[in-house]
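Morning, everyone. Please have a look at the model on the screen, and keep the sequence beside it.

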Amino acid sequence: MSNFGSMQNAIYNAGLQGILPDYPVDFATLEQRAHEALGPMMTNYVAGGCGDEHTQDVNASAFHHWGMIPRMMVDCSERDLSIELFGMDLPTPLFMAPIGLNGEATQDRHGDMAAARASAETGVPFSVSTLSNDPLEDVFGACGNTPAFFQLYTPRNRELAQSLISRAEQSGAKAIMVTLDTWLTGWRPRDLNASNFPQLRGKVLQNYFSDPVFRSLLEKSPEGDPKAAIMLFAAIFGQVLTWEDMAWFKDATDLPIVLKGICHPEDVRKAIDHGADAIYCSNHGGRQANGGIATIDLLADVFAAAGDVPVLFDSGVRSGTDAVKALAMGARAVGVGRPYTYGLAIGGAAGAAWVLRSILAEADLLMAVNGYPDLTALREAGVQRTD
Ligand code: FNR
């Protein structure tokens, strides 16, 4: 049984001693403070999205046209927010979405390590991105007893892809998340206007630079000739994937394969037919394609098509209320993205842990007030469109 809501009592009690919280509990204040900490270039990269950012904006605003009806006279003095995923019992229904710029989000530029420590502290699993300022072995090592996943940007070089997967396996990854929507970068006006693409400046490439296969493709080491290493990264970053490639992934690892970026029910069925172990419904937070539909509006159909196969979800989750709505619609686990990276920016591991705990506390208290003692009751109650 969880009591994430007790964070509220701790905050009010500290207030009686004259102590205010170090970090905000609402997204708007968090975002504002994080933008100040990140500065303009990084803010553009983290906050920005594709085109006029309509998809990104509706990802978050669309949660408002879903609502829940509370049930009364139910004993909710204890809540159970635990889930089962890939054979593991997890204490929370959240996970940290892969964010390839975490490394740059903290002042010491080791934000991936800070994110891993936040995961260790909170029990919320971390999805370790291919793009990272610290090698994945170190990042997995910092996750403590909390299970973690590896997110793969599939490189064009299959040996390198295999090497990254094997390194993740050896580091204890519990699943491989293959991101499908990013074999190239979407049109991001904020970054284009500032002519800024961090990877081309050598940032967040440590998983490549530390990889024996990647290094073997270079004449000089990445330390000796960083420019050549960056150019090699740019040349081999993105493999276009088709359903035929699933056989290769199934061969490459025994770990569960999660396909990230699936939004269409037909793709859900194809993914399952080709052996996917979980569906990850996401539009990359609106960073890759504009002109889309909020993922929360697509989740019910994705869930229906997935049957018993678990559905992970992200894009637009800003609060515990959002997370509860996604869980009510059938998500097995809900991914927190930008909010925890903003937590890293304002407070490192402690800031990210605070953000995750706030989301859990709000979710827990909402379930208590609304009469849902556990996720089964929540799912039965469901959500309704309010417009
Ligand atoms: C991302 N996302 C992402 N996804 C992925 O598969 N690998 C990655 O390395 C990254 N990197 C990344 C960097 C930044 C700065 C952002 C904001 C996002 C997408 C991420 O996993 C998730 O899908 C979105 O963040 C969800 O949208 P919201 O809720 O953050 O708006």
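Start with His65. This histidine is buried, at a relative accessible area of 16%. Buried means under 20% relative accessible area, exposed means over 50%, and partly exposed is in between, with a 1.4 Å probe and protein chains only. His65 sits in the loop between helix 3 (54-61) and strand 1 (66-67). Helices here are DSSP runs of H or I with at least four residues, strands are runs of E with at least two, and both are numbered from the N terminus. What does His65 touch, not counting residues up to four places away in sequence? Asp297, Gln384, Arg385, Thr386 and Asp387. Contact means heavy atoms within 4.5 Å.

A quick word on the source. This is a predicted model, where local features need pLDDT of at least 70 and side-chain atom pairs count only at pLDDT 80 or more, while totals for chains, interfaces and linings use all residues. Residues are numbered from 1 along each chain as its sequence is written, and side-chain values use heavy atoms, with hydrogens and water left out.

Next, Asn102. You find Asn102 in helix 4 (residues 102-105). Is Asn102 buried or exposed? Buried, with a relative accessible area of 0%. The Asn102 side chain makes a polar contact with the side chain of Tyr340, at 3.0 Å. A polar contact is a pair of N or O atoms within 3.5 Å; within protein, one must be able to donate a hydrogen and the other to accept it, and residues adjacent in sequence count only if both atoms are side-chain atoms. A polar atom of the Asn102 side chain also lies 3.2 Å from the backbone oxygen of Ile99. Leave aside neighbours within four places in sequence, and Asn102 is in contact with residues including Gly111, Asp112, Phe126 and Leu344.

Now Ser171. This serine is in the loop between helix 7 (158-170) and strand 7 (176-179). Its side chain reaches the backbone oxygen of Arg167 at 2.7 Å. Ser171 and Leu136 are 35 residues apart along the chain, yet their C-alpha atoms are separated by 7.7 Å. Beyond four places in sequence, Ser171 is in contact with Leu136, Glu137 and Phe140.

Two residues have a positive phi to look at. Phe86 has a phi of about 50°, although it is not a glycine. Phe86 lies in the loop between strand 2 (83-85) and strand 3 (88-90). At 23% relative accessibility, Phe86 counts as partly exposed. Ser315 is not a glycine either, and its phi is about 105°. Ser315 is in the loop between strand 10 (311-313) and helix 15. With 5% relative accessibility, Ser315 counts as buried.

That brings us to helix 15 (residues 320-328). How many of its 9 residues are buried? The count is 8, so helix 15 is mostly covered. Among the buried ones are Asp322 and Lys325. After helix 15 comes Gly330, with a positive phi near 120°.

Helix 15 also packs on helix 16. The angle is about 60°, and the axes are 7 Å apart. Axes are lines fitted to C-alpha atoms, for helices over the stretch in contact, and angles run from 0 to 180 degrees between N-to-C directions. Helix 15 and helix 16 are therefore oblique to each other. Angles under 35 degrees count as roughly parallel, over 145 as roughly antiparallel, 65 to 115 as roughly perpendicular, and the rest as oblique. Gly320, Thr321, Ala323 and Val324 of helix 15 make the contact with Ile359, Glu362, Ala363, Leu366 and Met367 of helix 16. By class, that contact has 6 nonpolar, 2 polar and 1 charged residues. Ala, Val, Leu, Ile, Met, Phe, Trp, Tyr, Cys and Pro count as nonpolar; Asp, Glu, Lys and Arg as charged; the others, Gly among them, as polar.

Helix 16 (residues 338-370) has another partner, helix 1 (residues 6-16). Here the angle is about 115°, with the axes 8 Å apart. Helix 1 and helix 16 are therefore roughly perpendicular. Met7, Gln8 and Ile11 in helix 1 meet Trp354, Arg357, Ser358, Ala361 and Leu365 in helix 16.

Last pair. Helix 13 (residues 265-273) and helix 14 (residues 295-306) cross at roughly 30°, their axes coming within 8 Å. That makes helix 13 roughly parallel to helix 14.
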